Amino acid sequence: MAHEPDARAMPEISEPSHRTRTTLFKLRARQCRFIVSDERSEAIFCGGETHHGSSWCPWPRRLVYTKPMGMGSGGGKRSA
């Protein structure tokens, strides 16, 4: 029996190049502000290209946000 992919699954998004990583003071407009380091003294940011209106590029958004399940055409209302 073949395994079919879940239609709700999000497409795979690869991690941006490590060459884009940067510090706070070197961040530019449209660079991802997702912190990828564990250093407390100097945070290292992803630095990947962001979309208009977002502080993060698609890679960390994919890691952090998930689609709500069970929100079909009923608008989230439960039946009595």
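Student: Does Thr 22 count as buried or exposed, and at what relative accessibility?

Tutor: Bear in mind that this is a predicted model, and that every value here is computed from it. Thr 22 is found in strand S1, where its contacts, leaving aside neighbours within four places in sequence, are Leu 27, Gln 31, Ala 43, Ile 44 and Phe 45. The cut-off for burial is under 20% relative accessible area, so Thr 22 counts as buried, at 11%.

Student: Which relative accessible area does Gln 31 have, and where is Gln 31 placed?

Tutor: Gln 31 has its place in the loop between S1 and S2. Leaving aside neighbours within four places in sequence, Gln 31 is in contact with Thr 20, Thr 22, Lys 26, Gly 47, Gly 48, Thr 50 and Ser 55. Because buried means under 20%, Gln 31 is classed as buried, with a relative accessible area of 10%.

Student: What separation do the C-alpha atoms of Thr 22 and Ile 35 have?

Tutor: Thr 22 belongs to strand S1, and Ile 35 is 13 residues apart from Thr 22 along the chain. Between the C-alpha atoms of Thr 22 and Ile 35 the separation is 9.6 Å.

Student: Which pattern does the chain follow when read along the sequence?

Tutor: The chain has 1 helix and 2 strands. Val 64 lies in the helix, H1, which covers residues 58-64. Read along the sequence, the pattern is β-β-α.

Student: How many aromatic pairs does a search of the whole structure find, and which residues do ring pairs link into a cluster?

Tutor: The search of the whole structure finds 2 aromatic pairs.

Student: Is Trp 56 buried or partly exposed?

Tutor: Phe 34 has a relative accessible area of 18% and is therefore buried, given that the limit for burial is under 20%. Trp 56, at 22% relative accessibility, counts as partly exposed.

Student: Which residues make up the largest nonpolar core?

Tutor: Phe 34 and Trp 59 are both buried. Not counting residues up to four places away in sequence, Trp 59 touches Ile 13, Ser 14, Glu 15, Pro 16, Phe 34, Val 36 and Cys 46. The largest nonpolar core has 5 residues in all, namely Cys 32, Phe 34, Cys 46, Cys 57 and Trp 59.

Student: Which residues form a nonpolar patch on the surface, and what accessible area do they have together?

Tutor: The chain exposes about 7200 Å², of which carbon and sulfur atoms supply 53%. Val 64, in helix H1, is partly exposed with a relative accessible area of 42%. The nonpolar patch is formed by Leu 63, Val 64 and Tyr 65, and their accessible area together is about 300 Å².

Key
Residues numbered from 1 in each chain as written. Predicted model: local features only at pLDDT ≥ 70, side-chain atom pairs only at ≥ 80, totals over all residues. Heavy atoms only, no water. Helix = DSSP H or I, 4+ residues; strand = E, 2+ residues; numbered from the N terminus. Areas by Shrake-Rupley, 256 points an atom, 1.4 Å probe, with all protein chains shown as cover. Patch = residues over 30% accessible without salt bridge, like charges linked within 9 Å, V, L, I, M, F, W, Y side chains within 5 Å. Salt bridge = Lys/Arg side-chain N within 4 Å of Asp/Glu carboxyl O. Buried < 20%, exposed > 50% of the residue type's maximum accessible area, 1.4 Å probe, protein only. Phe/Tyr/Trp six-rings, centres within 6.5 Å; stacked < 30°, edge-to-face > 60°. Core = buried A, V, L, I, M, F, W, Y, C linked by side-chain atoms within 4.5 Å. Contact = heavy atoms within 4.5 Å.
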